[in-house]
Amino acid sequence: MKNGFSNFKLEILEYCDKNCTIVKEQYYIDTLNPEYNICLKAGSSLGRITREETRLKLRNVWLNRLYSRSKDNTLREFIINSLQMKLNESRLKINKLYKEFEKIKLLKESKISYTTRMKILASTKISQVVLITDTFKNVTTEYPSARRAAEALGVSNSTIMNKLKGINAKLYKNRYIKG
């Protein structure tokens, strides 16, 4: 460590229930503005700047861990099998998306309304309708997917997914809530 361990201290600021640790962490990040905290948002590494050297080290550790758990005899086998698996997953996703696109294209040609097409798209297994309520305006907006809701609110997709899974139930930006 470049500053030395002796120049730091560990202090427990508060005991709390594990369900509210992220909220408490964000409170202390905002209140104390810690100099050595590399993440500005509690529970998220979004916006964190990581050196390329660090990213390569982390990727190497992750790959070594995966390789050690695999049944492959050589690293070459592991890499080939991993790439083959990723390729197969990508093919499945592309095929699924292509089928959905064809359905929507057929619906468009049959002059079904945009709203109906969005409902059909939302009913597919690759997306989920998301209702977001603006508590200031008391207006609920329907989005065809979590990704569309995230784009509209200017947040990451994982933020919306965490709200949908019930991991984080508090208001977003003190304004929006899952409808």
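Tutor: Helices (H or I, at least four residues) and strands (E, at least two) are DSSP runs, numbered from the N terminus. On that basis the protein chain has six helices and three strands, in the order α-α-α-α-β-β-α-α-β along the sequence. This is a predicted model, in which local features need pLDDT of at least 70, side-chain atom pairs count only at pLDDT 80 or more, and totals for chains, interfaces and linings use all residues. Residues are numbered from 1 along each chain as its sequence is written, and side-chain values use heavy atoms, with hydrogens and water left out.

The pLDDT is the predictor's confidence in each residue, from 0 to 100. For the protein chain the average is 81, and 87% of the residues score at least 70. Helix α1 (residues 21–32) has the highest mean, 90, and strand β3 (residues 176–178) the lowest, 67. Where pLDDT is low, the predicted coordinates should not be read in detail.

Now the core. Buried means under 20% relative accessible area, exposed over 50%, and partly exposed in between (1.4 Å probe, protein chains only). Of the 179 residues in the protein chain, 18% are buried. A nonpolar core is a set of buried Ala, Val, Leu, Ile, Met, Phe, Trp, Tyr and Cys residues joined through side-chain atoms within 4.5 Å. The largest such core has nine residues: V130, I132, Y143, A146, A149, A150, L153, V155 and I160. Both β1 (130–134) and α5 (146–153) supply at least two residues of this core, and α5 gives the largest share, four residues. In soluble globular proteins, nonpolar side chains tend to be buried together.

Contact means heavy atoms within 4.5 Å. Setting aside neighbours within four places in sequence, A149 is in contact with V130, I132, Y143 and I160. Over the protein chain, residues 24 or more positions apart account for 25% of the contacts with a separation of 6 or more.

K163, in helix α6 (residues 157–165), is 17 residues from A146 in sequence and 9.9 Å from A146 in space, C-alpha to C-alpha. K163 counts as buried because its relative accessible area is 12%.

For contrast, W62 in helix α2 (residues 52–69) is partly exposed, since its relative accessible area is 46%.
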